[in-house]
Amino acid sequence: MNKQLIESETSVVVVGASLAGLMTGIALANAGLNVTIVERAGAERRSGAGLQVNNGERDISTTAKYLRKITSGGSSSVEAWSSIEARLRREAQTNPQIDLRFNTRIQAVHQNDEAAWVITDKGEKFSGDMLIGADGYRSTVRRHVAPDHPDATFAGYLIWVAMVDEQNIPKQYRPGPNPGLAMPNGNGDFLLGFVVAGADGSCTVGQRRLGWAWYDNTQNDLLRQLGCVKGNVVQHSLTGADIPTETLANLSKKAKQRWSQPWLAAIEHSIQTRNLVATPIVEYVPEVLVQGRIALVGDAAHVPNPLTASGFNASLEDAATLTDCFIKENDVTEALLQYQSRRLKQVRQIVQSGQSFSRSFGR
Ligand SMILES: Cc1cc2nc3c(=O)[nH]c(=O)nc-3n(C[C@H](O)[C@H](O)[C@H](O)COP(=O)(O)OP(=O)(O)OC[C@H]3O[C@@H](n4cnc5c(N)ncnc54)[C@H](O)[C@@H]3O)c2cc1C
């Protein structure tokens, strides 16, 4: 991609170094802006399940094409979340225009006519000509941008997600080469199963990983008892060590009644090793994306139901559109208003398109 597309001393602070924050930071840095990305988590590798990077047939901007090339690693199949994050991190860490700071949790957001800035929990200040909130579905930056509509709401169900090394699946159940996505039928429950490359990138049968995501609307009382959901607002996910033994035993029993191989073997291995996460599902339809010098991207801006498979791809389009607006318009507030006018209607439609499923499946 052409670097230094715009002559600019403009500086930007991006809050959140997950997929949306990294893509936005990289795209803006490549367009000539000075970028600081602040992330509350440490630099250690994190894990997730899988994401499909769209093939970008409709991309018109070079930035979107470039981001798709980095994130997909050239593959058109489902990719492990951690592989996408690793590729973006490598790209950000080798870009001299980007200062990437881990272990930096922002607590307060401010702006005036000249600048926007954040204050961390340790009292540090990071200031720029503009600020991008890429801090996920429980965004702190969103409280400043949309104070009347700050929270994503619980959709009434969770998804159990896990990733299992294929060597833990008995040989006779291992899928053949290029298996694609599986959506087995399970008495009204939904399961998505997929195969991704091994942690070392290997696609050889036996060395890959099996990912699964099981939609479950029967755990809402548990989520409330354990403080994962308070009122209509999700507080956190439920990780393996904290899942009650009785819940896991019931899940194993249900899995045997519902799912066929290899997904049953993958689920049973995840339950036995407690290597699974229960993620309460949220939705957020935005009314605004921008306030003065501050804008939202990714899950901070919009949270669609995961069945739409559009959260990541919408984040990529946010990053590309925002950058395109800066290439065309040097004035910060004007560029951000153009970003909002190009993205708001589209992202609202994406979230709304998934809401009928949540209304029928959620409780
Ligand atoms: C560890 C992890 C695993 C995931 N796995 C999957 C998956 O397997 N499949 C899937 O479809 N989606 C997954 N997702 C969600 C998916 O990445 C997003 O829907 C999409 O990519 C857009 O994400 P995002 O970057 O906007 O938000 P997120 O991925 O939620 O990232 C927000 C980032 O902001 C940081 N942050 C939050 N608050 C603050 C603060 N106050 N100060 C500083 N930093 C802050 C968080 O630590 C996080 O890194 C995962 C997200 C995470 C964080």
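**Notebook: cores and hairpins**

I looked up the largest nonpolar core in this predicted model and found that it has 61 residues. The residues with the most contacts inside this core are Leu28, Val35, Met130, Ile132 and Phe326. I then checked which element gives the core its largest share: helix H1, residues 19-30, supplies 8 residues. In soluble globular proteins, nonpolar side chains tend to be buried together.

Next I took Met130 and left aside its neighbours within four places in sequence. What is Met130 in contact with? I listed Ser11, Val12, Val13, Leu28, Leu33, Ala116, Arg293, Phe326, Val332 and Leu336.

S7 runs over residues 116-120, and I found it mostly covered, with 4 of its 5 residues buried.

I asked how S7 pairs with strand S6, residues 106-111. The two pair in the antiparallel sense over 5 bridges, and a hairpin of 4 residues joins S6 to S7.

I then turned to strand S8, residues 125-128. S7 and S8 also pair in the antiparallel sense, here over 4 bridges. In this pair I found Ile119 opposite Lys125 of S8. The hairpin of S7 and S8 has 4 residues between the strands. Which residue in this hairpin takes a positive phi? I wrote down Gly123, with a phi near 85 degrees.

Definitions and conventions:
Residues are numbered from 1 along each chain as its sequence is written. This is a predicted model: local features need pLDDT of at least 70, side-chain atom pairs count only at pLDDT 80 or more; totals for chains, interfaces and linings use all residues. Side-chain values use heavy atoms; hydrogens and water are left out. Buried means under 20% relative accessible area, exposed over 50%, partly exposed in between (1.4 Å probe, protein chains only). Two strands pair if DSSP finds at least two bridges between them. A nonpolar core is a set of buried Ala, Val, Leu, Ile, Met, Phe, Trp, Tyr and Cys residues joined through side-chain atoms within 4.5 Å. Contact means heavy atoms within 4.5 Å.
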